[in-house]
Amino acid sequence: MTGVGDAATHTDTLDAVFVETVRGTGASIGALYLLDPDGRQLVLDVLCGAPAGIAAPWARVPLAAPVPVAEAVRDDRVVWVGNQEEMARAYPRTAMALPYPLALAAAPVTGARRWGSLLLMWPAGRPPHMTRRERGNIAAGCGRLARVLEEAVERGGRPSPGERPRVVTAGAVRPAVDSVQAAADFAERLPGGSCALDLEGRFTYLSSAACDLLGGEADLLLGTRPWQSLRWLDDPAYEDRYRAAVISREPVAFTAYRPPDHRLDFHLYPDASGISVRIVPADGRPPPVPASRDVTGTVTPTSAGRLYQLTHLAAALTEVVGVQDVIDLVADQIMPAFDAQGLVLSTADAGRLRITGHRGYPPGVIERLDGLPLDTSFTPAGQVLAGGVPAFFADPEEMRRTYPEAPQASGKQAWAFLPLVVSGRPVGCCILSYDRPHRFPAEERAVLTSLAGLVAQALDRARLYDAKRDLAHSLQQALLPRTLPEVAGLRVAARYLPAGRGMDVGGDFYDLVPLGGGTVAAVIGDVQGHDASAAALMGQVRTAVHAHSALGTSPDRVLSGVNRLLTDVGAELFSSCLYAHVDLAGRRVSLATAGHPPPIMRLPGPQARPVDLSPGPLLGIDPDADFPVTELPLTPGLMLAFYTDGLVEKPGVDLDDSLAGLARRLARADDRDLDRLIDTLVGMAGSRWQRTDDIALLVLHHPAPDR
């Protein structure tokens with residue numbers, strides 16, 4: 001067993017290796033992400049060179065997200081982004097939330113298993129290319145991090161990210177007190193004003209001239225953020241300049257207007273420990289007076305951090321596909337962004353609120369809240385959905401005044417009820433809840449209300465997507481064979497794998513048709529598209545193959561008959577197809593293909609290679625097309641692997657290389673269990689979230705007599 005001391009030692013060691021790695025690469029900002037126990041998300045564990053608040057939008061990153069830290073883990077490679085232009089081209093979502101000049105690298109932290117990803121950032125002034133030595137240093141640092149994590153496992157620990165990231169420093173040791181005083185005296189002698197901010201944006205030093213120019217006392221300003229303690233700096237544009245300095249590590253300058261008639265130039269000089277600021281009066285005419293604001297009002301402008309957070313979450317919501325994706329995004333990104341501990345996401349269905357997802361509630365509470373009528377008065381959800389106006393309750397007493405039973409039922413201490421409405425139509429209700437009383441300032445209410453509209457749109461799209469996918473999936477499953485027939489003298493196995501993205505349904509199909517007299521037909525094909533139309537056409541093609549093969553005709557005549565059917569009915573989609581007539585008595589195999597990849601043939605030895613076929617065109621294009629037949633001897637021990645292109649086609653990889661790789665896998669695979677052999681073959685296509693196309697695979701094995 002491990003105790004608190006062991007966990008602390010592991011954390012200290014990990015932090016030390018992390019800091020050493022960041023410092024050794026010369027990066028200005030570093031972040032270590034670890035995979036959560038489910039392996040579906042990367043969670044920020046350690047951070048240096050930037051405050052946790054700036055990193056809040058990226059505290060949790062889905063492994064399937066199109067961002068560098070996730071791609072590094074998925075592809076097991078170093079991802080390098082040399083400048084902002086490259087970022088905007090390759091990762092537009094990241095560029096939108098990080099619009100600063102910088103260079104970035106993300107590297108997988110991998111040892112005996114995948115642990116996570118290391119993110120490093122440099123100022124834009126560095127060379128745009130990474131040298132081989134730099135890559136080696138990063139890889140070595142990731143290897144050391146992986147070893148620390150694995151040693152913790154060996155000692156009985158379970159390394160996992162904490163609820164909040166640890167912020168460590170990679171800077172130098174602070175100077176002694178007398179040196180600090182000397183530096184303060186030096187700043188006082190300079191013209192203009194001097195002040196210092198830490199990486200969190202708080203004043204740590206102000207010269208007397210700076211206090212005069214800012215119009216505040218040092219004892220009131222120290223420890224505060226300028227945009228919070230000085231009303232005339234309370235503008236997202238000024239906070240954004242601070243963020244730009246922290247992230248880019250480049251000097252930043254801007255001019256601000258201090259009422260009634262002062263123009264001040266601010267020059268920010270950042271490093272790993274904080275920001276030095278020079279303030280001098282600006283020359284020339286004063287800028288136009290900003291549009292008047294009601295200074296007596298209580299509305300606070302949204303901070304730059306909130307604006308970027310909203311932008312980031314909005315971009316993420318545009319990428320979700322199904323309802324479960326919406327639930328995961330709200331739970332994994334929106335809940336932490338607003339420090340919520342509970343979530344209930346309900347959809348309006350047949351006059352009731354059906355809970356489709358939740359976090360932070362025991363099953364009994366969810367069972368009681370599920371299925372409430374839309375006009376319920378038990379909780380605010382009904383009124384919120386009817387009126388379309390969100391409701392916020394800072395503590396149980398505030399809730400109890402209108403809904404006396406609700407606080408006790410949920411067990412929470414504060415709630416935000418957000419209506420999900422699309423074009424005036426109620427879609428559902430999103431409830432964020434807190435374990436402690438929680439004030440909802442105007443800024444937070446505004447952001448949550450805006451997010452509710454985006455969540456509603458995403459949820460409405462996701463429900464439609466799920467309905468269409470379920471329909472197509474049911475159709476496809478009904479058309480694929482549930483089991484393969486047993487054939488004497490032939491071992492068979494098959495597998496269908498849906499794509500990891502998109503409709504999750506395709507037109508890939510396979511079949512095995514006993515023809516009698518020791519003969520059997522094997523067929524595999526791929527209909528263009530990934531929707532219900534593709535699945536329906538797949539059924540037509542499979543039925544036509546059945547009908548023509550039952551007549552005992554040769555492979556070329558079977559494909560010609562199916563081809564004429566598709567051209568006659570005017571199908572808008574095309575289909576590839578590979579047909580094999582296996583004659584066990586005559587010991588031969590006859591094959592014909594309509595634009596389909598060749599099967600891989602394995603002979604005893606073992607040795608494997610693609611079968612050399614003369615291809616015909618895709619089905620449904622030319623009604624008079626010919627489909628040449630190729631014959632092979634059916635020797636004892638012969639194995640044929642039929643597959644669809646989703647197994648071998650990958651962006652940036654030559655098809656011949658993929659076929660050669662598949663042949664090598666088949667040659668080395670253990671054939672005692674064909675299902676395990678198929679596991680080996682489909683492994684080359686990656687895990688589900690890496691697959692962009694569905695896969696069908698059919699394996700035939702004519703065993704030797706001793707088998």
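Analyst: Helices and strands are DSSP runs, helices of at least four residues and strands of at least two, numbered from the N terminus. In this predicted model, the protein has 22 helices and 28 strands.

User: What share of the residues in the protein is buried?

Analyst: A residue is called buried when its relative accessible area is under 20%. Of the 707 residues in the protein, 51% are buried, and the protein exposes about 32,700 Å², of which carbon and sulfur atoms supply 53%.

User: In which order do the strands of the open sheet of 5 strands lie?

Analyst: The order is S20-S21-S22-S23-S26, and the pairing is antiparallel. Strand S20 (507-516) and strand S26 (630-633) are the edge strands, since each pairs on one side only, and from one strand to the next the twist averages 15°. Inside the sheet, strand S21 (residues 519-527) and strand S22 (residues 575-583) pair over 9 bridges, and Ala522 has Ala580 in S22 as its bridge partner.

User: Which helix packs on the sheet?

Analyst: Helix H20 (residues 555-569) does, touching S22 and strand S23 (588-594), and its direction makes about 30° with that of S23.

User: Why can Leu618 be part of a nonpolar patch on the surface?

Analyst: Patches are made of residues with over 30% relative accessible area, and Leu618 qualifies because its value is 31%, which makes it partly exposed. Leu618 lies in the loop between strand S25 (607-610) and S26, and together with Phe574 and Ile621 it forms a patch with about 230 Å² of accessible area.

Note on methods. Residues numbered from 1 in each chain as written. Predicted model: local features only at pLDDT ≥ 70, side-chain atom pairs only at ≥ 80, totals over all residues. Heavy atoms only, no water. Pairing = 2+ DSSP bridges. Axes fitted to C-alpha atoms, helices over the stretch in contact; angles between N-to-C directions. Contact = heavy atoms within 4.5 Å. Patch = residues over 30% accessible without salt bridge, like charges linked within 9 Å, V, L, I, M, F, W, Y side chains within 5 Å. Areas by Shrake-Rupley, 256 points an atom, 1.4 Å probe, with all protein chains shown as cover. Salt bridge = Lys/Arg side-chain N within 4 Å of Asp/Glu carboxyl O. Buried < 20%, exposed > 50% of the residue type's maximum accessible area, 1.4 Å probe, protein only.
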